[in-house]
4 protein chains.
Amino acid sequence: MTADAGLSGSQEEGPAAIRAVRAKWRKRQIVAAASELIEQHGFHETSVNDVAAKAGVSVGTIYQYLPSKEDILLLVIIDILDQYRERVPEAMVGIEDPVERLLAGFDAYCRIINERHSSALVAYRESKSLAKDALGKVMELEIETTDLLASCVRAAADAGALVADIQPSLIASDFVMLAHMWALKHWHLAETLSIDEYVESQARLMPRGIVRGDSLERYERLLDGPQHEAQAK
Amino acid sequence: MTADAGLSGSQEEGPAAIRAVRAKWRKRQIVAAASELIEQHGFHETSVNDVAAKAGVSVGTIYQYLPSKEDILLLVIIDILDQYRERVPEAMVGIEDPVERLLAGFDAYCRIINERHSSALVAYRESKSLAKDALGKVMELEIETTDLLASCVRAAADAGALVADIQPSLIASDFVMLAHMWALKHWHLAETLSIDEYVESQARLMPRGIVRGDSLERYERLLDGPQHEAQAK
Amino acid sequence: MTADAGLSGSQEEGPAAIRAVRAKWRKRQIVAAASELIEQHGFHETSVNDVAAKAGVSVGTIYQYLPSKEDILLLVIIDILDQYRERVPEAMVGIEDPVERLLAGFDAYCRIINERHSSALVAYRESKSLAKDALGKVMELEIETTDLLASCVRAAADAGALVADIQPSLIASDFVMLAHMWALKHWHLAETLSIDEYVESQARLMPRGIVRGDSLERYERLLDGPQHEAQAK
Amino acid sequence: MTADAGLSGSQEEGPAAIRAVRAKWRKRQIVAAASELIEQHGFHETSVNDVAAKAGVSVGTIYQYLPSKEDILLLVIIDILDQYRERVPEAMVGIEDPVERLLAGFDAYCRIINERHSSALVAYRESKSLAKDALGKVMELEIETTDLLASCVRAAADAGALVADIQPSLIASDFVMLAHMWALKHWHLAETLSIDEYVESQARLMPRGIVRGDSLERYERLLDGPQHEAQAK
DNA sequence: GATGAATGAGTTTTCATTCAT
DNA sequence: GATGAATGAAAACTCATTCAT
């Protein structure tokens, strides 16, 4: 508690606070520019000068806020992973049935990726360029994201709603993979499918694959949802 | 980027034939060295000199047979894609039932990826570094591989064995994605699953998701195969 | 490069006087911080930001009082040269005999260097980084310092106490050089000699080398002073 | 012994030998250019591109033979130290009397420095820019050179020719320092002295300071050599 | 007067590519 | 055909200096 605690708002104050806010703003500026460029051309093909130009700042400014080019990449990757961590749980909140919750989470996951599919790609493609410990952090966050869905799977399994012969953690990974797939194979899938169709299709396939026959009818509504014509491509 | 960038030669005679054979041999030498290095360190972290040293030739020799560094990458990527094109059909040959054929293809796909999961990763990670037309060629080959499985799905659908609302090409892509997943998430999956367990699990999940209830019993043998305990991780 | 780059001010009054005193204080602050850093890491390895941080001021403040980084260096160098100019004459005052006066000056010279041997080194090492005219000023001050001793030598020569075949100015330079040597070769000499032993040894050697045989006995007391064992290293 | 030992000259042969010779030649080229530039402008003011331009090669070539800019400096410094190690002993060979030998060594030392006084300066000024172990190597070489003279002093002392209270290693250091002085104070000394006069003066001063009175006459020839007028500057 | 964020020229270093041998 | 020394454009990063607050 500082002497002028009575004057302070909810957070801190003074130069340190100003600096913190500015740093946040600058980093956002830099990450936004970097995201776009890296998504488009790849990490190695994007120079720090390019990022600076795109962000409308000087190289010097970038290095004032981020110690190395690698840290730019790390921020870009963490940025999208943070989206998952924020918005996926948000979409699942208040849904009782674990399978429905799982599908709601999957839906949210896919939507985020649809909005920022090139960012999602960056996370896949360029993680290799990170140093050991940064890579470790990214992996941790990825596992954390998978666990958002894994907990639903486990809840459903505990409720006896799932087939017994597939690991819950693998099922969760499958869902995550299929969400990422929208980014990874976007160039191919988007030719014939909208994101809505994609999510629906996967959201019909997966429950059939994992829910026990005797529980399936409970989800019939989901599985027969607003059917699109299955175009035989 | 040459049109015939592959490792395959034709069977003429005379000096031209000699040249062709030599070229094939050299390219193999170079690709073998490059694969290993790129898988381990990434494309941009691997220099042409490194490749030359590893291959036991001079840089000059590399440039005699490949016009640019990018072409080395293209060859490495095509190398693994060729594996798919060769060995997946091989595994499916002679199997009548389309679903069984599909699963045999999936199994083969996963085995190849298990053997060379870092090569498979390279195809994902580094494709971005290819020029437009080379990338196009890679995509073509990828589609070709997917189509190997898609034809089975279509056959099964035509035979009325599948649920009505699926899109065969998407299902094929799902299978391909789940095969690739063994490479992409190997760092995580391999902690709790062997390749056998992985393939079996996915080969149980997917048919349940797509085969019509009344046809399912036909595949019971497959679906209940040598069951591993589903460890709740 | 200002003409009056030194730390000394004049004694006016009013706002100008205030400014002058402040300038003096600020410069002292800056030079103190810079000295320490430059001595330790060298001029080029020391950034203006480092100096600012060490001095507890902002870079802006430094540039308010000194027009360039080079001027910081100039001040640091002048600082030690000013020490010589102040304290060497102080040590010689009141000593009649020119040879004794010379040795007293040499002794003082060595003591200053012993106290601040890294500053003394800076003057040697980093002078090159000064612009022409600043370098000129430093050389001037160095000559001035040498002249402090040269006048004694000349007095002794005029009194006929010295051998005739060596230039007095060279003798003075030799003394200065041997004083500086304690800084330049400190890493080596300090292993086997204390500053006291060093000064005594040189103060025995030099007179024997320059005083005429028939005058030598006058200085026997000096030459046989509190002898330390001559360790054959 | 290789199979073709009969064909080989005195050294090795083949590509390795060619490379070795080329490397030596290139390094000489680079060091020559770097010496000149560093002597003139200082190490930090000299860019690798400057060196390349001066040497008439590309930057790439420099880095093919030297792993970093620092190594260029190290080579420049070692180059002059090697001169001392070669030519000083050469000058002393065959001289019986230890004092005469010492003076011959000192003379050679001074001549080398006179020829390359700016190189000698570089060794002083820029050593600080070397990394720990490189600096260690330089110090070692410096000590080695000093020891060349120290052994003469010790021989003279053992023969009873010197005053009792001297430390041979310090005397040797004094000689070395006075040789270096010709480089360090060249800007000042060269105004009034030629190198010949300088060496003679010091070679008169020092023996008087260390040789016992009863042995001095033996060196009268040296001490009264081709006397120059001692100009009172 | 004091601050320190912003600037961008300049530095070291790498590496794909060429070409004389 | 094979070699590998030479090239130089381009990249990441630093830091003296400025100027709006």
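View 1. Chain A superposes on chain B by a rotation of 178° with 0.0 Å of shift along the axis, at an RMSD of 0.5 Å (least squares on the C-alpha atoms of residues with pLDDT of at least 70 in both copies). The two copies are therefore related as by a two-fold rotation axis. Both copies use the same surface: 98% of the contact residues of chain A recur in chain B.

**View 2. The side of chain A that touches chain B.** Contacts (C-beta atoms, placed from the backbone, within 7 Å) join 40 residues of chain A to 39 residues of chain B. Helices H6 (117–126), H7 (132–158), H8 (168–184), H9 (186–189) and H10 (195–210) of chain A each supply at least two residues to this side (helices are DSSP runs of H or I, at least four residues, numbered from the N terminus). H8(A) gives the most, with eight residues.

**View 3. Surroundings of DNA strand F.**

**Notes.** Residues are numbered from 1 along each chain as its sequence is written, and chains are lettered from A and ligands numbered from 1 in the order written. In this predicted model, local features need pLDDT of at least 70 and side-chain atom pairs count only at pLDDT 80 or more, while totals for chains, interfaces and linings use all residues.

Note on methods. Contact = placed C-beta atoms within 7 Å. Near = placed C-beta within 6 Å.
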